[in-house]
Amino acid sequence: MKLQTKLIIIICSLIIVVIVFLSLLFQHMLAATLREQIGLRALNVAESVAAVPLVRDAFQQQEPHKQIQPFAEMIRRKTGAEYVVVGNKEGIRYSHPVEERIGKKMVGGDNEAVLQGKSIISEAVGSLGPAIRGKAPIFDDNGQVIGIVSVGFMLEDIQKIVWAYTEKILLFSIIALLLGVIGSVLIARTVKKSIHGLEPKEIGLLYQEKQAILEAIREGLIAVNQDGMVTMVNKTAMSMLGCETEQNVLGKYILHVIPHSRLLEVMKTGRAEYDVEMGIGEQTVIANRIPIVDKNGCVIGAVSTFRNKSELYRLAKELSQVKSYAEALRAQTHEFSNKLYVISGLIQLESYEEALELITKETNVQQDIVRFVMKEISDPVIGGLLIGKFSKASELKIMFDIDRQSSFRDVPSTIDRDHLVTIIGNIIDNAMEAVLENGREEKRVAVFFTDLGEDLIIEVEDTGAGIPDGLYPQIFNKGFSTKSAANRGYGLDLVQKSLTALQGHITYHTEEGKGTVFTVVIPKRRR
């Protein structure tokens, strides 16, 4: 069943129940009030008649009914009562609308309390049928009860009055029901329109899909409404904001969550902002901010996505490395092609010894470095990194020398290998870039490792241009670089962060025009 149909049925059912309940309640209250008012009216008439001296004096005569009957009938006609009956203590009637019943005994069986001097209201079946009756005693001059006055209104007449009102109630109920049906249809259509014609099942599916999409996005995402309150956030954003649960963010004012957020300005201007650098805590992120616009063109909120700048830097660096590897491989291909041509020529000239010597020379260099790394560096991750850097240096025509006195066997398992790779890889890359930019004929990078003592020591020496004086400690700041190319100044920052995590430190010694030596010290056991 469609949502619109369900809403109409539910609203109409509720209106019917309410109208029926109120109608019955009103009818009951009307009948009860009418009975009470008519009873009081009958009692007032009875008490008034009982107090008339003419009635009391008539009891002293031989034929009381001759004076009481005309008076009682006059009162009956003026008050609209069904009957006004006056009787003595024995219940013998002195007046009655039907004259043939005068002198006969009153019926109903409700005279006992009246004979004791009390005025009452009762419902009883009299000679004319069921009626509401008001009864009052007639007292003589000595205060003794000498008779009874009974004034009655027929229940049948009361039911006619109630039914007349009931018809009006029924008419108003039908009108209210019709208005309720029309209102329910309008409400159902409005609700359907506001949710873009979607059914509840479809809305639930969209919500689940939205949650899955939010969690699949690696970027942080946060959205606000037009009041600046956070309405949506994903786990990546919560992690970057340092929040454990959504309740710590949802419903909060955006400036309380991100103090320098420009989402409010984006909502005011209605203009999107792309690739803008901003700070969140201690992190630098690249943010995009887009206003949310409804179908009428009004800005009803804004959404922002942001990603850690260091991640983007790593991606850019990996891409640039791939490009440089591709260029180096092309150069290496030409070089090995030339060597293959030389070997082919030597074989054709039958200079087999010279050809064998050339092949042996090329293979020994590679095998020598592999054997040394396998022997002195037990960790395959670090060993693979060094062999990779050696291959890269060969492609770039850089002499890459690993000191044969190096030893890196005693590396505790508690030291994170990812941090070691970050430290070693970035320092060697910086050294290679330094020697390539220097322009000197000697392009050399030397590496030394030792695990003797309580610390791990790593030294990387290059023959680059050196670091100008006065730049310490700026070279370890994020984004600072002595090189002119773009996307620089992140390597040593990552090294510094990894060393902080390992409780290590880094120093350097440099001479302008001669080169630089970086020394890294990492304790084997954390303090």
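Phenylalanine 390 counts as buried in this predicted model, at 9% relative accessibility (buried means under 20% relative accessible area, exposed over 50%, and partly exposed in between, with a 1.4 Å probe and protein chains only). Phenylalanine 400 counts as buried as well, at 7% relative accessibility. Residues are numbered from 1 along each chain as its sequence is written. Because the model is predicted, local features need pLDDT of at least 70 and side-chain atom pairs count only at pLDDT 80 or more, while totals for chains, interfaces and linings use all residues; side-chain values use heavy atoms, without hydrogens and water.

The aromatic pairs come to four (rings of Phe, Tyr and Trp, the last by its six-membered ring, pair if their centres lie within 6.5 Å; planes under 30 degrees apart count as stacked, over 60 as edge-to-face and the rest as tilted). One of them joins phenylalanine 390 and phenylalanine 400: the ring centres are 6.4 Å apart and the planes stand at 70 degrees, so the pair is edge-to-face. Since phenylalanine 390 belongs to helix 12 (residues 380-395) and phenylalanine 400 to strand 10 (residues 399-402), the pair ties together parts ten residues apart in sequence. Helices (H or I, at least four residues) and strands (E, at least two) are DSSP runs, numbered from the N terminus.

Valine 55 is found in helix 2 (residues 53-58) and is buried, with a relative accessible area of 0%. Leaving aside neighbours within four places in sequence, valine 55 is in contact with residues including Ile68, Phe71 and Ile138 (contact means heavy atoms within 4.5 Å).
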